[in-house]
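Please read the points below with the structure open beside you, taking them one at a time.

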Amino acid sequence: IKTIGNGIDHRKFSPNGSRAEIETRLGLRQGAFRIVSVGRVVEGKGFSDLVAAFAGFVHSQADRAEHELVIVGGNIDADINPAFERIRDQLRGLDIEGNVHITGMVNNVEGYLRASDLFISPSYREGMPRALLEAMCVGLPVIATNIRGASEIVEDGENGLLYKARDVEACKSAISRLYADRELMRRMGEKNRSKVLDTYTEDAYVERQVAEIRRLLDNK
């Protein structure tokens with residue numbers, strides 16, 4: 001079995017651009033410590049866990065207004081899923097409505113990534129998550145559940161942190177750890193950008209497929 005992996009557009013998902021200008025364009029709070037996550041707002045993506053972990057982190061901070069969680073996503077028409085409304089209820093119950101922004105479906109994910117400090121993937125199940133690779137390509141440090149796919153591209157403690165899926169306290173602890181160590185965040189972000197450019201670009205992905213197709217044809 002030959003593993004091809006995945007590939008993303010490294011030109012689109014680059015760290016270029018003025019963060020202040022992007023924040024203004026997207027209507028985001030200037031200078032906030034911003035956590036971002038991307039995906040359809042359905043149960044399997046683990047957003048309820050992320051909201052709970054973020055609430056615990058925010059309520060431990062004296063300057064809670066300076067912290068923001070942006071969930072880039074919504075529901076597609078084919079979804080019949082109450083997760084979206086449940087999360088909105090959860091935000092009210094945790095008193096963090098003013099700290100969390102759910103974008104709905106958008107076509108400018110890269111802008112939200114560039115305007116953020118940290119990416120979290122709280123999903124329960126993935127293949128090889130493109131959203132995680134895109135965040136890494138922008139140069140963000142990452143936190144992800146220790147599931148297949150994510151664990152293939154995130155080395156715990158090196159280019160990100162892994163935690164057990166559904167473990168809200170572990171997610172909160174990971175956020176607090178990185179928030180307290182900006183130098184570690186910077187190093188992780190640099191490693192992530194390099195890792196994607198080395199292995200997970202669309203060009204490299206296509207080349208791996210072409211090489212295997214040629215190998216199979218030569219061996220027919």
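Predicted model: local features only at pLDDT ≥ 70, side-chain atom pairs only at ≥ 80, totals over all residues.

1. Residues are numbered from 1 along each chain as its sequence is written, and side-chain values use heavy atoms, with hydrogens and water left out.

2. The protein chain holds 9 helices and 6 strands, where helices (H or I, at least four residues) and strands (E, at least two) are DSSP runs numbered from the N terminus. Along the principal axes, the C-alpha trace spans about 65 × 40 × 30 Å.

3. Of the 220 residues in the protein chain, 49% are buried, meaning that they have under 20% relative accessible area, with a 1.4 Å probe and protein chains only. Among contacts (heavy atoms within 4.5 Å) between residues at least 6 apart in sequence, 72% join residues at least 24 apart.

4. Strand 5 (residues 142-145) is joined to strand 4 (residues 118-121) by 3 bridges, and the two run parallel; strands count as paired if DSSP finds at least two bridges between them. Strand 5 also pairs in the parallel sense with strand 6 (residues 160-163), over 4 bridges. I143 is the bridge partner of I120, and I143 also stands opposite L161 in strand 6.

5. Which way do the residues of strand 5 point? V142 and A144 point one way, I143 and T145 point the other way, and all are buried. In a regular strand the side chains alternate between the two faces of the sheet.

6. S37 lies in strand 1 (residues 33-38) and counts as buried because its relative accessibility is 1%. Not counting residues up to four places away in sequence, S37 touches F47, L50, V70, I71, V72, F119, I120 and P122.

7. E68, which has its place in strand 2 (residues 67-72), counts as buried because its relative accessibility is 8%. Leaving aside neighbours within four places in sequence, the contacts of E68 include L28, R29, F33, I35 and N99.

Note on methods
Buried < 20%, exposed > 50% of the residue type's maximum accessible area, 1.4 Å probe, protein only.
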